[in-house]
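Work through the exercises below with the model open. Try each task before reading its solution.

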Amino acid sequence: MDISVVIPLYNEEESIGELYGWIERVMQENNFSYEVIFISDGSTDGSWEIIKQLQARSPQVKGIKFRRNYGKSPALYCGFAEAQGDVVITMDADLQDSPDEIPALYRMITEEKYDLVSGYKQKRYDPLSKTLPTKLFNATARKVSGIRNLHDFNCGLKAYRRDVVKNIEVYGEMHRYIPYLAKQAGFNKIGEKVVHHQARKYGTSKFMGWNRFVNGYLDLLTLWFLSTFGKKPMHVFGFLGTLMFLVGFVSAFIIGANKLYCLAAGIPERLVTESPFFYISLTMMMMGTQFFLTGFLGDLVSRTSNNRNDYQIETKI
């Protein structure tokens, strides 16, 4: 199979039929063999009924229905697990991503041998409350990830070699950082294509800009830590704990040695417990011990976290 199109959605009943008709036309014009996987992320409108109607008339349509709303990353994770195409295309269901971009994205993967190609919406039709946080977020993501050639990490329109989606784990809200996840998995040929961005035709955006901005930075910090120390948290917590303990211990030793010297020399000196440095030293020793134990426990937890992608799927078609 040439292409799998993975489309996560939440309450997009107005646009699903029109989107599939557009995808179907593009695929037939280019003689692609394909499948379209819709993931209803706990939709409460008629989205699932429309998906079932599309599947009844077209065997290329597949559907996954979550019992409740989990978010975009879990939807992509389950869609990637089902995808069988040599090239996997992701897009949003709101008609702001154009299926006409699919042939060019497909060629960049198959002919130019990119592992991943991310869309770049140079001209956007989103409100300022969404575009401004996006610009700030992308600037930070480029700096932290080291992927300098991407302008829009969070663009829903992306193309992947199948090996990429089968070897990355998208969980929580990490869909914003799929290029970073791919890079960490060893897929380094990451490209970008300027794509057309259309104004939303139906309904309103399900994602608020400033909320995404705050959550995006928190997720980026998490991903940076996990990619750097996730497999060995003892390397950071153990180091900090050991350093703090040694500083506290040396400080306490100096305070104690000074007191003994003063006693031996008959020099008047206040009680050790009256010195604030004594309590600072004890606090650092205690905090150092706690950091060290945190690193040890983190190592244990990192070896046993097997169920973070356990989602309740009501049905598949």
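**Exercise 1.** Locate Asp-152 in the fold and decide whether it is buried or exposed.

*Solution.* Start with the chain position: Asp-152 sits in the loop that links helix H5 (128–145) to strand S6. Helices (H or I, at least four residues) and strands (E, at least two) are DSSP runs, numbered from the N terminus. This is a predicted model: local features need pLDDT of at least 70, side-chain atom pairs count only at pLDDT 80 or more, and totals for chains, interfaces and linings use all residues. Residues are numbered from 1 along each chain as its sequence is written, and side-chain values use heavy atoms, with hydrogens and water left out.
Next, accessibility: Asp-152 has a relative accessible area of 4%, so it is buried. The cut-offs are under 20% for buried, over 50% for exposed, and partly exposed in between (1.4 Å probe, protein chains only).
Last, a distance: Asp-152 and Glu-192 are 40 residues apart in sequence, and their C-alpha atoms are 8.8 Å apart.

**Exercise 2.** Describe the largest nonpolar core and state which element gives the most to it.

*Solution.* A nonpolar core is a set of buried Ala, Val, Leu, Ile, Met, Phe, Trp, Tyr and Cys residues joined through side-chain atoms within 4.5 Å. The largest has 34 residues. Ile-3, Val-5, Ile-7, Phe-38, Ile-89 and Met-91 have the most contacts inside it. Elements that supply at least two residues each include strand S1 (3–9), helix H1 (13–29) and strand S4 (87–90). H1 gives the most, with 7 residues. Another core, of 33 residues, lies apart from this one; Ile-64, Phe-66, Ala-75 and Phe-153 are among its members.

**Exercise 3.** Explain why helix H3 counts as largely enclosed.

*Solution.* Count the buried residues of H3 (residues 72–82): 8 of 11, so the rest of the structure largely encloses this helix. Among them are Lys-72, Pro-74, Ala-75 and Phe-80.
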